[in-house]
Amino acid sequence: MGFDDGRKLKGVYAAEVLRAKQVTPHMVRLTFGRGDLERLPQHGFDQWFRLFLPRPGGEATNFDIVPERLGMIDYLKFMTHGDRPPLRNYTVREHRPDLGEIDVDFVVHGDLGIAGPWAAKAEPGERVVLMDQGKGFDLAADASFHLLVGDESALPAILGILRDLPATARGLAIIEIPDMADVQEVSGPAGFEVRWLPRKGSPDQPGALALAELRSFTPEEPATLSAYLVGERTIPTEGRRHLVSAGVPKSRITFVGYWRIGKAQA
Ligand SMILES: Cc1cc2nc3c(=O)[nH]c(=O)nc-3n(C[C@H](O)[C@H](O)[C@H](O)COP(=O)(O)OP(=O)(O)OC[C@H]3O[C@@H](n4cnc5c(N)ncnc54)[C@H](O)[C@@H]3O)c2cc1C
């Protein structure tokens with residue numbers, strides 16, 4: 001299963017906010033439960049979903065029009081509804097199937113946008129709908145080395161991958177964060193190095209530190225490297241360019257732009 005396979009999955013799950021917790025200065029963790037969450041499949045690693053949110057400003061939101069999956073025709077039809085819920089992409093940080101609960105870590109990035117500002121103030125009882133998209137990370141059985149690179153929006157995905165990789169996996173995780181106080185506890189294979197890159201005080205744009213670190217990485221065995229590059233879009237696009245020029249086959253690089261500086265999701 002990879003990022004593109006999400007569109008083929010069918011399944012929407014109503015849920016509500018159970019709790020909110022500020023985990024680090026720039027990350028709020030919302031725990032969702034009730035509704036249909038006991039049925040949510042557990043894919044592990046960087047399991048992600050489309051999140052349908054309440055409309056901002058307390059406007060009435062029609063969750064009943066959320067389709068079973070988001071093919072092109074379903075999407076276009078969904079977009080014709082004036083009272084449709086806004087839609088964003090998020091990662092399952094932790095899944096407790098026995099309790100029918102998931103934790104989701106939201107980057108709090110200011111007043112712009114919908115999901116970040118909503119999460120910063122979300123109250124227990126607020127309703128959402130999730131559409132399961134599977135996982136994006138595809139475990140390469142022959143990988144000699146795993147390279148995981150991202151920014152704070154990728155933190156839930158990278159920590160989920162580290163949690164679920166085989167204990168014998170070797171690799172390097174490069175994670176850019178706003179501040180050293182945004183570091184989170186890592187549980188992962190012993191043969192992994194995790195490099196945290198705090199942006200605080202750096203004049204560079206988000207993503208620049210992670211990208212510079214990635215560019216200083218030369219794979220010892222490019223043919224058997226497994227690379228996963230996500231976050232602000234320059235990390236995956238420029239990062240992939242670097243790895244390809246270092247001899248890594250394109251098929252061994254998973255890359256997705258999670259967000260874009262100055263551009264809201266549609
Ligand atoms: C598969 C996938 C999984 C994801 N998982 C997570 C996750 O678990 N946690 C998470 O926080 N994000 C995650 N993201 C990223 C998230 O979907 C985007 O950051 C999204 O744009 C947030 O929506 P918004 O409504 O807050 O902002 P938008 O309305 O999309 O954008 C408004 C403004 O905010 C800026 N902005 C958006 N996101 C950020 C950011 N992270 N940092 C700084 N500025 C930003 C934009 O550039 C724009 O100027 C994921 C994305 C994908 C594709």
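Strand 7, which covers residues 127-132, is largely enclosed by the rest of the structure, because five of its six residues are buried. Buried here means under 20% relative accessible area. The model is a predicted one.

Two strands pair with strand 7. Strand 1 (residues 12-24) is joined to strand 7 by five bridges. Strand 3 (residues 48-52) is joined to strand 7 by four bridges. Both pairings are antiparallel. Individual partners can be named. Glu-16 has Arg-127 of strand 7 as its bridge partner. Val-129 of strand 7 is the bridge partner of Ala-14. Val-129 is also the bridge partner of Phe-52.

Strand 1 has a further pairing. Seven bridges link strand 1 to strand 2 (residues 27-33), and these strands run antiparallel. Together, strand 1 and strand 2 make a hairpin, with two residues between them. Within this pairing, Lys-21 stands opposite Arg-29 of strand 2.

A surface feature involves helix 1. This helix spans residues 72-79 and includes Ile-73. Ile-73 is exposed, because its relative accessible area is 70% and the term applies over 50%. Ile-73 also belongs to a nonpolar patch on the surface, formed with Met-72 and Leu-76. Together, the three residues have about 370 Å² of accessible area.

Is Gln-205 buried or exposed? Gln-205 is exposed, because its relative accessible area is 52% and the cut-off is over 50%. Gln-205 still has contacts beyond its sequence neighbours. With neighbours within four places in sequence left aside, Gln-205 is in contact with Glu-176 and Ile-261. Glu-232 was also compared in position. Gln-205 and Glu-232 are 27 residues apart along the chain, and their C-alpha atoms are separated by 9.8 Å.

Notes. Residues numbered from 1 in each chain as written. Predicted model: local features only at pLDDT ≥ 70, side-chain atom pairs only at ≥ 80, totals over all residues. Heavy atoms only, no water. Patch = residues over 30% accessible without salt bridge, like charges linked within 9 Å, V, L, I, M, F, W, Y side chains within 5 Å. Areas by Shrake-Rupley, 256 points an atom, 1.4 Å probe, with all protein chains shown as cover. Salt bridge = Lys/Arg side-chain N within 4 Å of Asp/Glu carboxyl O. Buried < 20%, exposed > 50% of the residue type's maximum accessible area, 1.4 Å probe, protein only. Pairing = 2+ DSSP bridges. Contact = heavy atoms within 4.5 Å.
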